[in-house]
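Dear colleague,

I am handing over the structure we spoke about, and below it I have set out what was found. Please read the notes with the structure open beside them.

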Amino acid sequence: MSIFDEQCGVPKIETSVTILNGSDAPEGSWPWQVLIKGEQKLCSGVVISDRWVLTAAHCINKTENIVMGLTDLDKWRLGTQYRSAALEVIHRNYQAILKEGDIGLIMLNKPVAFNDYIRPICILKSSPRDFIYPEVCYVTGWGVHILGEKKIYSKMQQLKVQIMPHSSCRLLWSLRGIVIHSGHVCLEFNSTAHSAGVCSGDSGGPLSCKIQGKHYLLGLASFVEKGCVRSFTPDVYTRVSDYLDWIKETITKYS
């Protein structure tokens with residue numbers, strides 16, 4: 001199935017995300033979100049076709065289980081599907097220390113059957129630099145909400161966000177000795193909601209924006225300030241459009 005499939009980016013339920021600190025996501029509202037369980041690591045990912053999941057490179061490490069179609073981790077429901085990894089591919093330019101190329105692909109051991117709770121997200125065919133970002137985008141995941149206890153949310157959380165200008169992000173992270181480059185996209189810091197954003201367990205999860213009625217994948221959760229404290233440094237995502245050629249080449253090579 002093509003990663004530009006016409007079924008992409010349309011959830012069963014269109015949710016209204018209005019809470020700054022995040023809120024519980026209704027079932028079926030983010031059907032491309034997946035939970036990735038690896039060796040001593042919990043991450044998120046996103047369905048881009050019936051056989052492929054996109055996530056952060058630092059999440060790929062002997063993936064044991066990929067859970068799709070589930071919103072509440074304490075409540076199994078009909079339509080939930082489990083897969084293992086037949087193949088894991090990390091981008092050739094991934095450098096953990098420099099925080100570059102943090103993107104990877106997982107080929108599922110068998111195709112997933114799409115339903116109301118499992119659908120692929122759309123991927124932009126061209127760079128997001130070709131258009132103005134929508135005013136509102138979204139991040140989702142089950143990541144840690146009690147720091148120090150490694151306790152994740154049982155219900156998927158959804159959060160409305162805005163994109164930070166690239167120059168502002170570069171400046172703020174340079175104060176921490178981190179270089180922000182063209183392959184990154186950053187979230188606007190919200191001074192009224194210091195705890196809102198991604199944390200441990202959210203890595204590899206989607207940053208999506210709704211464009212002309214469909215949700216498009218713009219980024220994958222990559223890194224935040226240590227401890228998720230957000231002292232005026234933005235959450236950073238891998239800009240997916242910068243790696244579109246690699247995504248297509250990899251899928252073609254192994255499909």
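**Surface and loops**

W76 is exposed, with a relative accessible area of 54%, and please keep in mind here and throughout that this is a predicted model. The residue lies in the loop between β5 (65-68) and β6 (81-83), and together with L78 and Y82 it makes a nonpolar surface patch of about 390 Å². For the chain as a whole, the accessible surface comes to about 11700 Å², and 51% of that area belongs to carbon and sulfur atoms.

**The chain overall**

The chain holds two helices and 17 strands. Of its 255 residues, 53% count as buried.

**Aromatic pairs**

A search of the whole structure finds three aromatic pairs. In one of them, the rings of W30 and Y138 have their centres 5.4 Å apart and their planes at 50°, and the pair therefore counts as tilted, since that angle falls between the limits of 30 and 60 degrees. W30 lies in the loop between β1 (23-24) and β2 (33-38), whereas Y138 belongs to strand β10 (residues 137-141), so the pair ties together parts that are 108 residues apart in sequence. Both W30 and Y138 are buried.

W173 and F223 form another aromatic pair, this one edge-to-face, with 5.2 Å from centre to centre and 70° between the planes. Because W173 lies in helix α1 and F223 in strand β16, this pair ties together parts that are 50 residues apart in sequence. W173 is buried, with a relative accessible area of 4%, and F223 is likewise buried, at 8%. As for clusters, W30, W32 and Y138 form one aromatic cluster.

**H181 and K99**

H181 is found in the loop between α1 (166-174) and β14 (184-186), and its side chain reaches the backbone nitrogen of G183 at 2.9 Å. Leaving aside residues up to four places away in sequence, H181 touches K99, E100, H166 and Y243.

K99, one of these contacts of H181, lies in the loop between β7 (85-90) and β8 (104-108). K99 is partly exposed, with a relative accessible area of 26%, and it has a positive phi of about 60° although it is not a glycine. Most residues other than glycine have a negative phi, which is the reason for pointing this out. A positive phi, of about 50°, is also found at Q212, again not a glycine. Q212 is in the loop between β15 (206-211) and β16 (214-223), and at 82% relative accessibility it counts as exposed.

**Salt bridge**

Side chains of opposite charge can pair when their charged atoms come close. How many salt bridges does the count come to? By the rule applied, which asks for a side-chain nitrogen of Lys or Arg within 4 Å of a carboxyl oxygen of Asp or Glu, the count comes to one. The side chains of R119 and D116 meet in a salt bridge, at 3.1 Å from N to O. D116 counts as partly exposed because its relative accessibility is 36%, which lies between the limits of 20% and 50%.

Definitions and conventions. Residues are numbered from 1 along each chain as its sequence is written. This is a predicted model: local features need pLDDT of at least 70, side-chain atom pairs count only at pLDDT 80 or more; totals for chains, interfaces and linings use all residues. Side-chain values use heavy atoms; hydrogens and water are left out. Buried means under 20% relative accessible area, exposed over 50%, partly exposed in between (1.4 Å probe, protein chains only). Helices (H or I, at least four residues) and strands (E, at least two) are DSSP runs, numbered from the N terminus. A polar contact is a pair of N or O atoms within 3.5 Å; within protein, one must be able to donate a hydrogen and the other to accept it, and residues adjacent in sequence count only if both atoms are side-chain atoms. Contact means heavy atoms within 4.5 Å. Accessible areas come from the Shrake-Rupley method with a 1.4 Å probe; for residues, only the protein chains shown count as cover. Patches are made of residues with over 30% relative accessible area and no salt bridge: like charges are joined within 9 Å, nonpolar side chains (Val, Leu, Ile, Met, Phe, Trp, Tyr) within 5 Å. Rings of Phe, Tyr and Trp (its six-membered ring) pair if their centres lie within 6.5 Å; planes under 30 degrees apart count as stacked, over 60 as edge-to-face and the rest as tilted.
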